[in-house]
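Keep the structure open while you read.

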Amino acid sequence: MSRVVAGLLLGAVTLLAATACTPELPKHIDGNLTDQWPAMAAPKGWEPDADMCLKVLNDYMSRSMYDPVACDRGHNYEIVAIGQFTGAAAEAAEAPQAGSAAMRTAWSDCDKKATAFVGGDWRGGMLSIGLSLPASISWTGGSRWYVCVLSALERPYGDPTLRSISLKGEFTKNSSLKYGCYQYGDTLVAIDCKKSHNTEFAGIWNAGSLAYAKLNSSQDKIASECRKVIAKYVKVPADGNMKYRTGVVWDWPSEADWNAGDRGVRCHIWLDKKKVTRSLKGAGNGGLPINYA
């Protein structure tokens with residue numbers, strides 16, 4: 001204790017002795033210096049901001065790595081939601097690893113929120129979702145968030161493309177990012193549905209628990225399930241006659257995306273040598289007739 005402070009304390013003691021009485025405390029003070037203090041809150045780490053965009057996405061992110069931009073400026077990724085790990089995952093010493101139950105739960109949450117954000121199943125167009133977790137320094141500091149991001153792609157399953165407008169509500173309108181009509185030979189070539197074409201995107205079949213390694217040996221199953229998707233899209237009976245109405249073209253995500261949680265197989269109508277000049281959505285029996293020969 002410094003000499004100045006000691007002198008002040010001594011003076012206070014002397015004064016009390018001289019007056020020979022104990023000072024009365026104000027009525028709002030009870031003399032207990034601890035029971036009026038609120039309990040200290042648990043430490044809360046840094047967290048990114050929602051409704052911002054990023055040029056670069058890191059699998060693990062710290063405050064020093066976080067470099068957001070407004071979504072009306074050039075960006076490759078858009079933050080659509082921020083979730084929180086809970087339970088055992090939040091109590092762990094490290095952030096969850098890829099393939100863990102906690103990561104699959106987080107991916108499923110981001111899946112739903114991305115679909116709500118764009119106003120339709122994001123798999124129905126040239127979009128991709130991703131997650132970013134706290135870097136070790138942020139996790140140790142109390143961060144338990146995961147960031148859900150959405151990006152537009154330059155082509156199906158391609159790389160993120162630079163944008164300067166938000167994807168919010170993108171699938172509630174006529175978007176150029178939606179899958180539509182194609183001419184299929186060796187590859188799918190996008191084409192206006194009013195022009196001659198032989199292929200059209202019909203929807204998604206969710207493969208559920210099917211392992212990625214089993215996809216190539218499950219082609220009959222996939223073809224059957226995709227025909228059900230096509231029947232619903234065109235509005236024809238999903239019965240044994242579907243194989244006489246149309247062929248099927250399908251594709252699936254990368255192994256990494258599949259294992260992360262994306263089990264969406266994209267199903268396309270394929271008319272082979274026959275061509276049409278309109279969309280077959282809701283066309284019924286007239287649009288997709290039975291061809292036994």
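The largest pocket holds about 1000 Å³ of space. The model is predicted. The second largest pocket holds about 800 Å³.

**Largest pocket**
- Its lining is made up of 32 residues.
- Gly 124, Lys 178, Tyr 179, Gly 180 and Phe 201 lie nearest the pocket centre.
- Four elements supply at least two lining residues each: β7 (181-184), β8 (188-191), β9 (199-206) and α5 (219-234).
- β9 gives the most, with 5 residues.
- By type, the lining splits into 15 nonpolar, 9 polar and 8 charged residues.

**Second largest pocket**
- This pocket, with about 800 Å³ of space, is lined by 35 residues.
- Closest to its centre are Ile 129, Gly 130, Leu 131, Asp 257 and Ala 260.
- Two or more lining residues come from each of α3, β5 (127-134), β6 (145-152) and α7 (255-260).
- β5 provides the largest share, 6 residues.
- The lining of the second largest pocket comprises 23 nonpolar, 7 polar and 5 charged residues.

**Glu 94**
- Glu 94 sits in the loop between α2 (87-91) and α3 (101-118).
- Is Glu 94 buried or exposed? Glu 94 counts as exposed because its relative accessibility is 59%, and the cut-off for exposed is over 50%.
- Which C-alpha atom is separated by 6.8 Å from that of Glu 94, 45 residues apart along the chain? The C-alpha atom belongs to Trp 139.

Technical notes: Residues numbered from 1 in each chain as written. Predicted model: local features only at pLDDT ≥ 70, side-chain atom pairs only at ≥ 80, totals over all residues. Heavy atoms only, no water. Buried < 20%, exposed > 50% of the residue type's maximum accessible area, 1.4 Å probe, protein only. 1 Å grid on protein atoms, 1.4 Å probe; cavity = no way out; pocket = protein on both sides within 12 Å on 5 of 7 lines; lining within 4 Å. Points joined across faces, edges and corners; volume = space filled by probe spheres on them. Nonpolar A, V, L, I, M, F, W, Y, C, P; charged D, E, K, R; others polar.
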